[in-house]
Structures are given as C-alpha cells and as structure tokens.
Amino acid sequence: MPSPLEISPDKLARLIGTPKCPALIDVRIGEDFDADPRLIPGSLRRDYRLVENWGNDFAGRSAVIICQRGKKLSHGVAAWLRHAGIPADVLEGGFEAWVEAGYPAVPVSALPKRQTDRHTLWVTRARPKIDRIACPWLIRRFVDPNAVFLFVAPAEVEAVADRFDATPFDIDAPIRWSHRGDLCTFDVMVEEFGLATEPMLQLATIVRGADTSRLDLAPEAAGLLAVSLGLSRMYADDHEQLQAGMLLYDAFYRWCRDATGETHNWPTPKKGA
C-alpha cells in the first residue's frame, strides 16, 4: 500500500488520458533512462538536480514524480515541489513498477524533438474533421500535454513544417504520421507511441470507421462522423474546434475504457398506459 505521499501505478493509470491528470515528471538518471528509453504516457523528462530552476513551470498544477524505483530521487524532487507550493506525489515503485504492471510506455524514438520552450510542434491541414482532431487529442493526453498545433492551407503544410521545424501529420504525402494502407493516422500514432491498449484500439476502430467512411467497422463510427461534421460547422476557428473536440474524445475514450458494458433501457410501457 502506498504511503500518503505516493500514488500507486493502478491509480495513476486511471488518471492518465483524462483532463484531471497531474503533471508527470520523469527524473530518472541518464543510466536508468538509457536502459529503457521510454516514458510513462504524458510524462516529461527533467533533471532532478535542477528542480529549483524548473519547478515553477508546474505552478498551479499537481504533479507525480517518477524515478527508477520510487525512492530518493522522486521523494526529494516531490519534497522540493511541495516546498514551492506545488502538490506533488511519488509514483510508488517508480518506472520499474509501472512496466512490471504491464502498463504502456511511449518510446522516446517516436517523439519529435521539442522546441526551445519544451513543447512539440505539429502542423496539418486547416479545417479539421476527424483524424486531425483525434490525433491532437491523443498527443495532448498521452504524449505531450503542451503540444502546439498549427493548422494551415493544405498546399503549405510541408513548407511550414520545414521552415518552422514542425512535425507534419495527416496529409497526402509519404510522411511518418499519416495514413498507411487501411489505417488512418490515429491508428498509426496509437501503434508507434506504444499505446495499443484494448480501450485505445477500440477507439481507434471507431476513428478509422468515421475517418475513412467505413461505418460498418463500429456502430459508434456513424455517431462520431455526425458529431465531427457538426462541430466543423459550429466553429470557424480551428483551435476553438480542437478545444471542443478534446471533450468529445475524452468522452469516447472513457466510454471505451469504462462504460462499454453499460446499457440504457427504457422500461416497456404497460398495456393501457
């Protein structure tokens, strides 16, 4: 059982992917990280020795600190953050316990490089509908909570990516982050980011069905398509639409993870009623 200053891997796993997930800060030393260069989904690497310098980056949020085994490094960093007024817990058992429990981890080799202010930068076509909302949701909830997305004219995506050192996605070109065969871009990201859990694969099927007009893949695909097209008519600003879409995919993910067995049956009316 974790101490009052710790959080168990099981409890943390329930928070990851939700809007209420705390900031996840990986402070493993280089030797431990190099032995397994993956990250707990949504976590950011920081040098424990410089906590006084970067601690204020997380002001106004709670945090979970992750080291290799959940001992001195994470407890020391968490104590520093609490001293600075930032609620901070330690992942019980550290990264090792997370992996041993079978939870997913994101390979660093799949991550684009971060910009100078520590966020990843992505670019895609303007007027998003399905994949171009689903993929940013996946990235912000499971890869980089600070990710920035640029929506530009389709013909300018690759040039903007080159000039602004951004990562292009979901365009009709031979790039890493786009459709592959029958798979949509969301499918590709789920696989390459190591996030292929059962709920996420179910969500990916729904997204693929809606995005590629194969509504037979999942009963929910038609609903996702309808709501996505509706949102695109409601919002002229792509970033406002993305914010609205974040809530949509939060709900779909929680349904896939927690509520697929729940039904809503209205009582049969009595005769003569």
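Let me start with the length of helix 6, residues 131-142, in what is a predicted model. The helix has 12 residues, and at 1.5 Å a residue it should span 16 Å.

How many residues of helix 6 are buried? The count is 12 of the 12, so the helix is largely enclosed by the rest of the structure. Buried here means under 20% relative accessible area.

Strand 2 covers residues 23-26. Ala23 and Ile25 point one way from it, while Leu24 and Asp26 point the other way. In a regular strand, side chains alternate between the two faces of the sheet. In strand 2, residues pointing either way are buried.

Which strands pair with strand 2? One is strand 5, residues 63-66, which pairs with strand 2 in the parallel sense over 4 bridges. Another is strand 4, residues 43-45, which runs parallel to strand 2 and is joined to it by 3 bridges. Ile25 has a partner in each: Ile65 is its bridge partner in strand 5, and Leu44 stands opposite Ile25 in strand 4.

Strand 5 is also joined to strand 6 by 3 bridges, and these two run parallel. Across that pairing, Val64 stands opposite Asp89 of strand 6. To get from strand 5 to strand 6, the chain goes through helix 4, residues 72-83, and this β-α-β crossover is right-handed. Strand 6, residues 88-91, pairs in the parallel sense with strand 1, residues 6-7, over 2 bridges. There, Val90 in strand 6 is the bridge partner of Glu6.

Last, a single residue. Ser228 is in helix 10, which covers residues 221-234. Is Ser228 buried or exposed? Its relative accessibility is 3%, and the cut-off for buried is under 20%, so Ser228 counts as buried. Leaving aside residues up to four places away in sequence, Ser228 touches Lys129, Ile130, Gln241, Leu248 and Tyr249.

Methods: Residues are numbered from 1 along each chain as its sequence is written. This is a predicted model: local features need pLDDT of at least 70, side-chain atom pairs count only at pLDDT 80 or more; totals for chains, interfaces and linings use all residues. Side-chain values use heavy atoms; hydrogens and water are left out. Buried means under 20% relative accessible area, exposed over 50%, partly exposed in between (1.4 Å probe, protein chains only). Two strands pair if DSSP finds at least two bridges between them. A crossover is right-handed if, with the strands pointing away from the viewer, the path from the first strand over the helix to the second runs clockwise. Contact means heavy atoms within 4.5 Å. The expected span of a helix is 1.5 Å times one less than its number of residues.
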